[in-house]
Amino acid sequence: MKSSFQFSKFLFCFIFLITFHLSLVTAVYAEPPKRIISLAPNMTEILFAMGLGDRIVGITNFCDYPEEAKKKQKIGGMSNPSLEAVVSLKPDIVVMTTDGNPKEFEERLHSLKIRTYVFKARRLLELPGGIRDLGTTLGVKNKADELAKEIEVKINKLAVGKNSKLRKILFIVWPEPLIVAGPGTAIDDAITVLGYENIALKAKASYPKYSIEEIIRQSPDVIFIGRGHVNMKEVSKRLLKRLAIVPAVKNGSVFYVSDRLYRLGPRVIKGIEEIADCLIKR
């Protein structure tokens, strides 16, 4: 009887210790990352929008929004970040994207036992889901849900059926050489959401080189020219002269807009609204 009691006591203590140990291990792994490195401008914007700016310890040279981001330690470019710089910052997690960050760099981080998260959303309608998944990983699920829901509501509010009166749009990213926004971009998605047609929709690249002849042939009703690192009105003058017979140019429907649609992040909504306002004015 005594032996049975002692065994039961031992078994109880053993189970308690195992349970306590597992709870500690779970707590350690469940703790959200406190030191985050962002390897893409859109990821930096999303992290700040989720209230994680104080946890960011490193960003790329191209991460320039919001203003507070400029104060963070730089670790190089998107396609060529410095491994040494990343390691020196001792991150709990490195946030990457499938759109711009090399797979090889992710593998090198794994070989050094550095945790990574790869943001896979590449299209406008994938953005809310990507934000929710990232928020769950970083321990800010509620904040991420709020941000994702806000984006969904605004997209649905802006979305309209195909507009038969005004259909064809061209978005110029750079005038010489002529680069436009093609399929698979947030810009193309924005044009579609608003009910219009991107004349570069069938291009074979996301940001293809385009010809003057092709633009003239397709005759867009509206042309948007995105923000660049120089005065875009000046550098676009020669191009617009060559496109003088295109309806968009003849009718004064050429608009210079911001770079908000260049990054798949919270500001794309403002970018869509900006385009929509121009179309209303037209």
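Guide: A cavity here is a set of grid points where a 1.4 Å probe fits but cannot get out. Its volume is the space filled by probe spheres set on those points. Keep in mind that this is a predicted model.

Visitor: What volume does the largest cavity have?

Guide: About 30 Å³. The count is one cavity of 30 Å³ or more.

Visitor: Which residues line the largest cavity?

Guide: Phe-171, Val-257, Ser-258, Arg-260, Leu-261, Gly-271, Glu-274 and Ile-275. By class, that lining has four nonpolar, two polar and two charged residues.

Visitor: And which helix gives the most to the lining?

Guide: α11, with three residues.

Visitor: OK, helices then. How do α6 and α11 pack?

Guide: At an angle of about 15 degrees, with their axes 10 Å apart. Angles under 35 degrees count as roughly parallel, so α6 and α11 are roughly parallel to each other. Their crossing is left-handed.

Visitor: Which residues make the contact?

Guide: From α6, Ile-151, Lys-154, Ile-155 and Leu-158. From α11, Ile-269, Ile-272 and Glu-273. By class, this contact has five nonpolar, no polar and two charged residues.

Visitor: What about α5 and α6: what angle do they pack at?

Guide: About 175 degrees, with the axes 8 Å apart. That makes α5 roughly antiparallel to α6.

Visitor: Which residues of α5 meet α6?

Guide: Leu-127, Pro-128, Ile-131, Arg-132, Gly-135 and Thr-136. Their partners in α6 include Lys-141, Ala-144 and Leu-147. By class, the contact of α5 with α6 has seven nonpolar, two polar and five charged residues.

Note on methods
Residues are numbered from 1 along each chain as its sequence is written. This is a predicted model: local features need pLDDT of at least 70, side-chain atom pairs count only at pLDDT 80 or more; totals for chains, interfaces and linings use all residues. Side-chain values use heavy atoms; hydrogens and water are left out. Axes are lines fitted to C-alpha atoms, for helices over the stretch in contact, and angles run from 0 to 180 degrees between N-to-C directions. Helices (H or I, at least four residues) and strands (E, at least two) are DSSP runs, numbered from the N terminus. Angles under 35 degrees count as roughly parallel, over 145 as roughly antiparallel, 65 to 115 as roughly perpendicular and the rest as oblique. Contact means heavy atoms within 4.5 Å. Ala, Val, Leu, Ile, Met, Phe, Trp, Tyr, Cys and Pro count as nonpolar, Asp, Glu, Lys and Arg as charged, and the others, Gly among them, as polar. A crossing is left-handed if the near helix is turned anticlockwise from the far one by less than a right angle, and right-handed if clockwise. On a 1 Å grid over the protein atoms alone, a cavity is a set of points where a 1.4 Å probe fits but cannot get out, and a pocket is an open set with protein on both sides within 12 Å along at least five of seven lines; lining residues have an atom within 4 Å of a point.
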